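This briefing covers the sheets, the chain contact and some local backbone details. The structure comes first.

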Amino acid sequence: MKLLDFAEKLQLEIMTEKDEDIELDINGAYVGDLLSIVMGKAKEKNVWITIQTHLNILAVAELIDISVIIIAEDMEISDDTINKAKEIGMPLLKSKEDAYKIACRLNEMGI
Amino acid sequence: MINIPIKSDTYIINANDFSVAGKVSSDIKKDLKKLGIHPKIIRRTAIVCYESEINIIIHSIGGKIVFELYEDRIVINSEDRGPGISDIELAMKEGYSTATNEVRELGFGAGMGLPNMNRWADEFRIESSSKGTLIKMTIFL
């Protein structure tokens, strides 16, 4: 699925590159805010929904090959985090909704 | 066991420097990918490395991670200075953490660091004193 379509369907704001050509390879989703638990439990190609916005979410996402990060609850994201996401090519999206609602929408989309 | 490493790298890790946490794991992951190591092995190595890095950053006054690749295994040695772990058995329990609230707010300190290392490494050895902590993890290829 294209990143732009994905963001539009879920009403997400794209914080990183908005290139039309960016394709997402997604096979599921994981919700979590404790980094060690996410590391151990989230699977590669997952969508990761979290309220953490610290720079280190990118290290975790990169290490376990997360496809896309969605920041829930309209949490403020620092420029450092956004720049790092751009640098490593990790799509970083933001939602006004809570993690549960985002997860429900993903489910409706067949993820 | 074959005792000459094909590859060996030492990474210095500073205390309290969260901005670079994960860098060592990321570098090791890239190296293993280039060498064509199986993705499951890479993932396990990345997780134990990351947990080691975070532990050094949060709990010690600095330390190092030594990565060694042998023909049949990967060895990760995590070595840090002071204050050590007073009760290793308790520290190995899932959910037990001595991390501060400030650190927890960043999503660290879940009390899953040592349990994750123990879970994903084939062999896990830990020694700790008031001078520091030494952890040796082996993952067989």
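In chain B, five strands make an open sheet in the order 1-2-3-5-4, with antiparallel pairing. Strand 1 (7-13) and strand 4 (123-129) of chain B are the edges; each has a single partner strand, so one side of each lacks a neighbour in the sheet. From one strand to the next the twist averages 10°.

This is a predicted model: local features need pLDDT of at least 70, side-chain atom pairs count only at pLDDT 80 or more, and totals for chains, interfaces and linings use all residues. Residues are numbered from 1 along each chain as its sequence is written, chains are lettered from A and ligands numbered from 1 in the order in which they are written, and side-chain values use heavy atoms, with hydrogens and water left out.

**Terms for the folds**

- Helices (H or I, at least four residues) and strands (E, at least two) are DSSP runs, numbered from the N terminus.
- Two strands pair if DSSP finds at least two bridges between them.
- Contact means heavy atoms within 4.5 Å.
- Axes are lines fitted to C-alpha atoms, for helices over the stretch in contact; angles run from 0 to 180 degrees between N-to-C directions.

**Chain B: sheet and helices**

- Strand 4 and strand 5 (residues 132-140) of chain B run antiparallel and are joined by seven bridges.
- B:Phe124 sits opposite B:Met137 in strand 5 of chain B.
- Helix 1 (residues 23-34) of chain B packs on the sheet and touches strand 1, strand 2 (63-69) and strand 3 (73-81) of chain B. The direction of helix 1 makes about 165° with that of strand 1 of chain B.
- Helix 2 (residues 39-59) of chain B also packs on the sheet, touching strand 1, strand 2, strand 3 and strand 5 of chain B. The direction of helix 2 makes about 5° with that of strand 3 of chain B.

**Chain A: sheet and helix**

- Chain A has an open sheet of five strands in the order 1-5-4-3-2, and the pairing is mixed.
- Strand 1 (13-14) and strand 2 (28-31) of chain A stand at the edges with a single partner strand each, so one side of each has no neighbour in the sheet.
- Strand 1 of chain A runs antiparallel to strand 5 (residues 92-94) of chain A, with two bridges joining them.
- A:Glu13 has A:Lys94 in strand 5 of chain A as its bridge partner.
- Helix 5 (residues 99-108) of chain A packs on the sheet, in touch with strand 2, strand 3 (46-50) and strand 4 of chain A. The direction of helix 5 makes about 160° with that of strand 3 of chain A.

**Interface of chain A and chain B**

- The contact draws 21 residues from chain A and 26 residues from chain B.
- The two chains bury about 1700 Å² between them (accessible area, 1.4 Å probe, lost on being put together, summed over both). Of this area, 55% is on carbon and sulfur atoms.
- A:Ser36, A:Met39 and A:Leu63 supply 32% of the area that chain A buries against chain B, more than any other three residues.
- The count of residue pairs in polar contact is 13, both residues at pLDDT 80 or more. A polar contact is a pair of N or O atoms within 3.5 Å; within protein, one must be able to donate a hydrogen and the other to accept it, and residues adjacent in sequence count only if both atoms are side-chain atoms.
- Helix 2 (35-41) and helix 3 (56-63) of chain A are the elements that give two or more residues to the side of chain A touching chain B. Helix 2 of chain A gives the most, with six residues.

**Salt bridges**

- The structure holds twelve salt bridges over all chains (side-chain nitrogen of Lys or Arg within 4 Å of a carboxyl oxygen of Asp or Glu).
- One salt bridge is found across the interface of chain A and chain B.
- The side chains of A:Asp65 and B:Lys29 meet in a salt bridge at 2.8 Å, N to O.

**Local backbone**

- The peptide bond from B:Gly82 to B:Pro83 is cis, with omega near -15°. B:Pro83 lies in the loop between strand 3 and helix 3 of chain B.
- A:Glu73, a residue other than glycine, has a positive phi near 60°.
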